[in-house]
Amino acid sequence: MKINKIKIFIFSISLIMMQGCEEFLNEKPQKSLLIPDKLEDLQALLDDELTTMNLNPGIQVIASDELWISDGEFNSLNNAAERNAYIWASEVYEGFLIPDWENPYEQIFYSNVVLDQLENIERNETNRLLHDAVRGSALFYRTMAYTNLIQLFAPEYDPLNADELIGLVIKPTPNIEDKAFQISLKASYEMLIADLMEALNLLPQEIVYKSRPSQPAVLALLARLYLNMEDFAKSEEYALRCIDLYNNLLDYNDVNSSLAIPFPRFNDEVIFHSSMPSYGFYRTAKINIELYNSYEENDLRRQLFFTTNAAGERIFKGWYTGQNRLFGGIATDEVYFIVAESKVRNGKTAEGLEYLNNLLLTRWKEGTFEPTVSLDSQEALKTILEERRKGLVLRGLRWQDIRRLNRISDQPLDLKRIVNGQEYMLEAGSSRFTFPIPDIEIEVNNLIQNER
Amino acid sequence: MNMKIKLYMMLLVAIFLLPLHAYCQNLQAKLVGSVYENTENQPLIGASVWIVEAEIGAITDDKGGFELNLAHGRYNVEVTYLGFEKASFDIQVPISEPLLVYLEGDGFGMDEVTILSTGYQQLPKERATGSFVHLDETLITRSVGPNILDRLADVTSGLVFNQSGSGSDPISIRGRSTLFANANPLVVIDGFPYDGPLENINPNNVESITVLKDAAAASIWGARAGNGVIVISMKKGSADQPMKVSINNNVIFRESPDFYYRPRMSVSDYIDTEQRLFDNGFFRSREISQANYALSPAVELMILNRDGLLTESGLSEGLERLKSHDIRDDYKYFYRSPIHQQHSANVSGGGAGMRYNLSASYDNNLNQLIGNSDDRFTLGGNYNFSMLNDKLTIGVGFYLTQGANVEDAVDPTRIRLSALDALYPYAKLVGEDGLPVSLPIDYRTSFISGLEGTGLLDWTYSPLGERGLINSRAEQSDKRFILDAGYSLLPGLKFDVKYQYWDNREERTVHHSQDSYFSRDLINRFSRVLDNGSINRPIPVGGVYDFRHSLASSHTFRSQLNYNKSWGQDHQVVALGGFEAKDYKLKTLQTRQYGYNQELATVQPVDYINTFPQFQNPSTVGRIPYIDNQTGITDRFVSYFFNASYFYKDRYIVTASARKDMSNLYGVESNQKGVPLWSSGLGWIISEESFFNLDNLPYLKLRTSYGFNGNTDRTLTALTTATFFSSNFFTGLPYANITNPPNPNLRWEKSKMVNYGIDFSTKDGRIEGSIEYYQRNGYDLVGFAPVAPSSGMRNFKGNTASSEGSGVDVEIKTVNLNRRVVWTTNWLFNYYEDKIVNYGDEHTVRTMLQFGASSVYPLEGYGMFPVFSYQWAGLNPDTGDPMGYLDGEVSQDYAAINRETVFGDLIFHGTARPNVFGAIRNNLNWLNFSLSFNISYRLGYYYRRESIRYGNNFGLGGHGDYAYRWLSPGDELVTNVPSLPSATNNLRDDLYNFSSALIERGDHIRLQDIRLSYLFEKKSFPRLPFQRAEVYSYVNNIGILWKASDDPLDPDFRTMKPLRSIAFGLRVDF
């Protein structure tokens, strides 16, 4: 009798305990949690446009010569980094982190996670296109992030001693605990170009989503990198190949200047979309009046790029983002400027001017544009660079242009400001054209700080 | 077959199979019975029943019952229980009725039986080796209030209410055991962890509370016990007790908030500062902004004056007029003294083999904001019966709570200017006659008045007129059903199954009526006036209706085997073991509807996809707010547990306990690595030894325990996870965000505790109590590892940290006077100190100064909440600039002080949470009057006083210390408040605000509460229609008796003083 009872008891207990525990505990704790192990999931990580993947630095806009703010506005800036960048102080961040450093590395982390996970997904006939596109995209996003970093946190490229200069802080793996390290400037550029070359073969030719990379985006980025490296033959070559694939320009005659935001997001000229952080500085910043005055009456950019605030000061509205955020991506007009400049520097002045004229034709009121012809190469270059400044205003490219042109120009540019009665100056060639690396990075990874 | 269905099946099998055994008749005769305490008819748990001739015995179970198999014959029975006279009598077996044994107290002061509950078993305090605190019904009902946990304050040894910090851990038991994981104690109700909000538990239905403090007490709860466990037992009936009806009613009046308590910059200084800022062009960007930001009336006057539209004298007259009003004087139109009412009734009783309890209560609360109120109705009952000769016991219980919350109020303290700043302090919220007036809060008056005739909706805001225009209603229902079946397999061996279903539903609707500012503003912002004068409205005219629904539910199943056995008269074993599974689900749904028409209950569609230019700022575009979403959470636990006690000669106790938990939180792999959490304990009742013959110390027990508890951080998982979003606004593509980087080594946090305790009682119980010393070590604590942003993550969490702590808990009761006046005192003394011994991440000096005392920023070698400061060198006598130290020299180089100060240069004051705390509770009884007052103390801690921070706006609207700032040489002798800076200098503000000048000692003693009551008893007033009635009054938050600092504010209440309350109540037992 007793034995029976105990048998039944043991049976009942084992019924519950033996089976199904693992299955019971395998339930996902949160519905929206996803373990990214499929190609579609990896693509979704790269498609996090708004908060991660399509952002680029903006602090260089504060430090450049395109915008200014009044003393009162300067004093009411909350963020120390904005104030310090504006006056080119040696100490910039005062211990705080800045999105200009963090965002690119977050993109690099995402790209590394994707590249790492891709190793576990077999490429076969059915998934070939998506597999390639995901890999190519991850390589592109990573290179785009490093390109943005190299223009702020590494010195300007010098073909003669680039292997002696410290370049990028790189993080090749997704493992959080692996340390980041520095490589030479030459090695940095070589790495970026190699990654882009690989991406070029993997990505589609067509631009379907402006937030995703494509072959034209890779080619344009290669052209931008070679321009920085002063390899004008290559910059011409890749810029032309880009235009071969995608040459759409907006005709500014078709854009409504009475709109508060005249250019839509993902407009026809955009090759790869990216936007800058919304720094408080931009809210009140006004356009450099000298720059504004350089746009002539019939130049449509005068109305499309600028408007007047209540105090009658000129402020910017020519965002290519469809909202009041600065555009920092790649657009066709930049590629035209690269072709024009490279051709002139390569001795093909007339051809270079032709590209400039084709572009400017779309920026002037119909029937008023007079093409620039028959200049000597020096004047042609000067015109192209002036037009580049006007055409690519507030795209985040000006800082890099000052850096690279100061190196090769015979008329280097010093930057000057007067704030609260004190004069600040950033001389051409100053080491303060390179932003410092955040202190925590130096401490944790044992890096060498940029000189300021 | 999924696990849940399996659980139900098992339950059915258990219920259907067990009665079959009833047919298996036993050849021997069975002796069943119960042991009770003589006076209160309370069952005695763990009493020893010894059959002398047969040399077998039993230990009574948690209902006082026992069961033995005996051959027919005559036996002598001895029943013993510590603190009671031994009972010895003869019986003849077989016996027809259950045997009822009543024991008499032995008069040494130990005749109060304290029964502790761990949630898995009930045990008498004398048999425990762990650290427990028991609160009986008298203590629970001593204070008055709607919340059950508040009743633990200042009466529970080792438990402290944290006044400083983020509010995520309102209660700590023996300090904080974790850095970032859940820091709240586990709350168990009637044997099951409670998942719902504690507001749903009516204190009037609670019979007792047991707090489990050390590993031996709590490790049966394993991975959820790391922060201690609070076990709540609801009221139950007693067998063989006539029906008892009792009612309890009370009403609490609380004072209304005092908005002048926290010093703010005066209105006059505010307007002067606005003038100074205006002259510097501070408001210019806002004035010329296209967003039409609202400006304060003073700034508007200054603009008129600047533009030549207002004369100098007109300006100063206007400003003087504004200076004459303080917004806080208008708050009385929005706030009131809250009133809380509680009514409850309870019926309990029992007959042969059954007992029951039924309770109902109603609470109503008029909130301090006029227009807000809530009420709560609870109904609970349980019924227990036994059948088949007491072999099978079945219990059912249910608890229902229905709560409703109404929010129609406008909170004037939350009105903001252009959503950017606090409202200017001279705002007139109410007209002279107490009628509503409107004021600009988002847009400039000129902008709004310029819209007349456009056909846009009225765009003005009137705080008083808004009341009732936004109706928020929440209804909450909470249900618990408990089924409990026990079957005696053999004498001493009992199989129990328990099942609980819990569900909690909440439905909140917020109707922003068409007339509310919220709706009008939203509709207008999206409106566009077309060239023909008509208005295009992407958001249709009508109300905005928000709806939020949440449904949480859990099934918990437990099967447990209990074993009680005696060998000879000296050896006893009480053991239990079992298995438990839990499935918890939470679903929420949120949605919003536009164009709501309340009368017709119609809504209208809107375009969520396209962007629309914003009327008030045409340079920006916006999307119509889309707040619909759904979430789903599933928590699953499977646990095995075991607990055993061995008693030798009623004076030596050995206990052991173990538990293994597995969950779906960390992934299967991590679970497999999990080690079982365990504990063990030893107890020795020295006073029972023959060599111990101190007549004045009739009870002395030593005990010690050692073991581990666990804790979980549910924000982490071992796998790389991402959160998925259905579509990006611009591209329409689905996208995902990485939320957790891979961390395959993740595991439970572990907390080791060693406890040493002495329990004692002197003759007649004149002095009794316990003294405990404990050490606590935290291992595998989840902490942030140092990570550079180049890793791509802003932070990284892992099992990286460890901590150590130790403390003393003393709880003593003295009977000071025992004549006509009975005067007793309860003394509580607690000491606790902790230290982080291993933490990889380093925080900057500035981070520790700013956040170290309030949030968890672990720093190796220091306690959990260290208070640091810059050494203060006073104010510069010439300029009033704050001065600190740099390399030991007085310095005003704020940038260098900020950059170069290291921790060694800072002053370390101590901890922000009290090291020493406790209470002294005096109780006086005279005739039928009782008076009890509780004096609490908190010592050995520091806090940082708030002061003025000039920021980028000369401290506009900041702290009231502005009035004491340095103005001219000589002021530095009487003030530490720096002079007004000429330009923004945050580092100068930092030096002063983080300096030692603002650090104060928090030590204080306060008279927490007084309770006065009068008891009517039938024996003194025979004509009363009831047995007894108690009339009581309770006053709470009376005031501070002493504090170390001169700071006029309460050290624990920095922004609002603790509001006094007085309650009146009546309790009647029929």
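Visitor: Domain bounds here come from an automatic or database domain assignment. How far apart are the C-alpha centres of domain 2 and domain 4 of chain B?

Guide: The model is predicted: local features need pLDDT of at least 70, side-chain atom pairs count only at pLDDT 80 or more, and totals for chains, interfaces and linings use all residues. Residues are numbered from 1 along each chain as its sequence is written, while chains are lettered from A and ligands numbered from 1 in the order in which they are written. In chain B, domain 2 takes in 267-334 + 411-466, and domain 4 takes in 1012-1070. The C-alpha centres of these two domains of chain B are separated by 46 Å.

Visitor: Which residue stands opposite B:Gly33?

Guide: Strand 1 of chain B covers residues 29-37 and pairs with strand 7 of chain B in the parallel sense, over 5 bridges. The residue of strand 7 of chain B that faces B:Gly33 is B:Leu99.

Visitor: Which residue takes a positive phi in the hairpin of strand 19 and strand 20 of chain B?

Guide: Strand 19 (residues 354-366) of chain B is antiparallel to strand 18 (residues 339-351) of chain B, with 13 bridges. With strand 20 (residues 372-387) of chain B, strand 19 of chain B also runs antiparallel, again over 13 bridges, and B:Ala360 stands opposite B:Leu379. The hairpin of strands 19 and 20 of chain B has 5 residues between the strands, and the one with a positive phi, near 110°, is B:Gly371.

Visitor: How many residues lie between strand 18 and strand 19 of chain B in their hairpin?

Guide: Within this pair, B:His343 has B:Tyr362 as its bridge partner. The turn contains B:Gly353, whose phi is positive at about 75°, and the number of residues between the two strands of chain B is 2.

Visitor: Are helix 4 and helix 6 of chain B parallel or oblique to each other?

Guide: Axes are lines fitted to C-alpha atoms, for helices over the stretch in contact, and angles run from 0 to 180 degrees between N-to-C directions. The axes of helix 4 (residues 267-279) and helix 6 (residues 297-306) of chain B come within 10 Å and cross at roughly 45°. Under 35 degrees counts as roughly parallel, over 145 as roughly antiparallel, 65 to 115 as roughly perpendicular and the rest as oblique. Helix 4 and helix 6 of chain B are therefore oblique.

Visitor: How far apart are the axes of helix 10 and helix 11 of chain A?

Guide: Helix 10 of chain A is roughly antiparallel to helix 11 of chain A. Helix 10 (residues 185-202) and helix 11 (residues 215-228) of chain A pack at about 160°, and the distance between their axes is 9 Å.

Visitor: Which residue forms a cis peptide bond with B:Val93?

Guide: Most peptide bonds are trans. In chain B, the loop between strand 6 (87-93) and strand 7 holds B:Pro94. With omega about 0°, the cis bond joins B:Val93 to B:Pro94.

Technical notes
Pairing = 2+ DSSP bridges. Helix = DSSP H or I, 4+ residues; strand = E, 2+ residues; numbered from the N terminus.
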